[in-house]
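Welcome! Have a look at the sequence and the model below, and then let's walk through them together.

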Amino acid sequence: MAELFAYTDGACSGNPGPGGWGVLLRAVENGRILRERELSGGEAATTNNRMELMAAISALESLTRPSAITIVTDSAYVKDGVTKWIHGWKRNGWKTAAKKPVKNAELWQRLDDAQARHDVRWEWVRGHAGHPENERADELARAGMAPFKPEPSS
């Protein structure tokens, strides 16, 4: 049986600024890659954290049927948010322990809805450390950001 992986990353030029997200989806069986799919997108005015969230959301929303998937992210914000903090935020009406509104609450809610359909395992990897799939997700994120970056002046 094939295992499904989504390698996700977000990028931002300035924070806030133009940003992009990227996903490398891969089905693997016995160490052999069966299928790959790449996704990317971006926004004109956003933050790195929002793009990290959009990468994970896009990976999960792209699946057409409930699946077991491992999402590999270099964002401790996303991994810790979805595996630790989100339970308290939901209990507290999307407020932090300090009673402040959760930043990016609409994206956290969308991620929560997207993962509810699936059996998701979250894995963190160090970014920009030579992890080939994470590096590819980073390239896709930068490509997703490219249409929103202003042209350099000559």
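Predicted model: local features only at pLDDT ≥ 70, side-chain atom pairs only at ≥ 80, totals over all residues.

Q: In what order do the strands of the open sheet lie?
A: Let's start with the sheet, which is open, has 5 strands and shows mixed pairing. Its edge strands are S3 and S5, each of which pairs on one side only. The twist averages 20° from one strand to the next. Read across the sheet, the order is S3-S2-S1-S4-S5.

Q: Which residue of S5 stands opposite Thr73?
A: Here we are at the pairing of S4 with S5, which runs in the parallel sense over 6 bridges. S5 covers residues 119–124. The residue opposite Thr73 is Trp124.

Q: Which strands does helix H4 touch as it packs on the sheet?
A: Helix H2, residues 76–91, packs on it by touching S4 and S5, and its direction makes about 140° with that of S5. H4 packs on the sheet too, and its direction makes about 140° with that of S2. The strands that H4 touches are S1, S2 and S3.

Q: How much space lies in the largest pocket?
A: To find this pocket, look for Leu4, Ala27, Arg35, Arg65 and Ser67, the lining residues that lie nearest its centre. The lining has 21 residues in total. The space in the largest pocket is about 540 Å³.

Q: Which element gives the most residues to the lining of the largest pocket?
A: The elements that give two or more residues to this lining are S1 (3–12), S2 (17–29), S3 (32–46) and S4 (68–73). By class, the lining has 11 nonpolar, 4 polar and 6 charged residues. The element that gives the most, with 4 residues, is S3.

Q: Is the peptide bond from Asn15 to Pro16 cis or trans?
A: Pro16 is found in the loop between S1 and S2. Omega for the bond from Asn15 to Pro16 is near 15°. That bond is cis.

Q: Is Asn30 buried or exposed?
A: Asn30 is found in the loop between S2 and S3. Its phi is near 50°, a positive value in a residue other than glycine. The relative accessible area of Asn30 is 79%, and the cut-off for exposed is over 50%, so Asn30 is exposed.

Q: What is the relative accessibility of His128?
A: His128 lies in the loop between S5 and helix H4, residues 132–145. Although His128 is not a glycine, it has a positive phi of about 55°. His128 counts as exposed, because its relative accessibility is 58%.

Q: Is Asp112 buried or exposed?
A: Asp112 lies in helix H3. Not counting residues up to four places away in sequence, Asp112 touches Ile86 and Lys90. Its relative accessible area is 15%, and the cut-off for buried is under 20%, so Asp112 is buried.

Q: How far apart in space are Glu106 and Trp94, C-alpha to C-alpha?
A: Glu106 has its place in helix H3, residues 105–116. Glu106 is partly exposed, because its relative accessible area of 42% lies between the cut-offs of 20% and 50%. Glu106 and Trp94 are 12 residues apart in sequence, and their distance in space is 9.5 Å.

Q: Which residues is Arg117 in contact with, leaving aside its neighbours within four places in sequence?
A: Arg117 is found in the loop between H3 and S5, and it is partly exposed, with a relative accessible area of 38%. The C-alpha atoms of Arg117 and Ala68 are separated by 9.6 Å, although these residues are 49 apart along the chain. The contacts of Arg117 are Leu60, Leu63, Thr64, Arg65, Pro66 and Ser67.

Notes
Residues numbered from 1 in each chain as written. Heavy atoms only, no water. 1 Å grid on protein atoms, 1.4 Å probe; cavity = no way out; pocket = protein on both sides within 12 Å on 5 of 7 lines; lining within 4 Å. Points joined across faces, edges and corners; volume = space filled by probe spheres on them. Nonpolar A, V, L, I, M, F, W, Y, C, P; charged D, E, K, R; others polar. Buried < 20%, exposed > 50% of the residue type's maximum accessible area, 1.4 Å probe, protein only. Pairing = 2+ DSSP bridges. Axes fitted to C-alpha atoms, helices over the stretch in contact; angles between N-to-C directions. Contact = heavy atoms within 4.5 Å.
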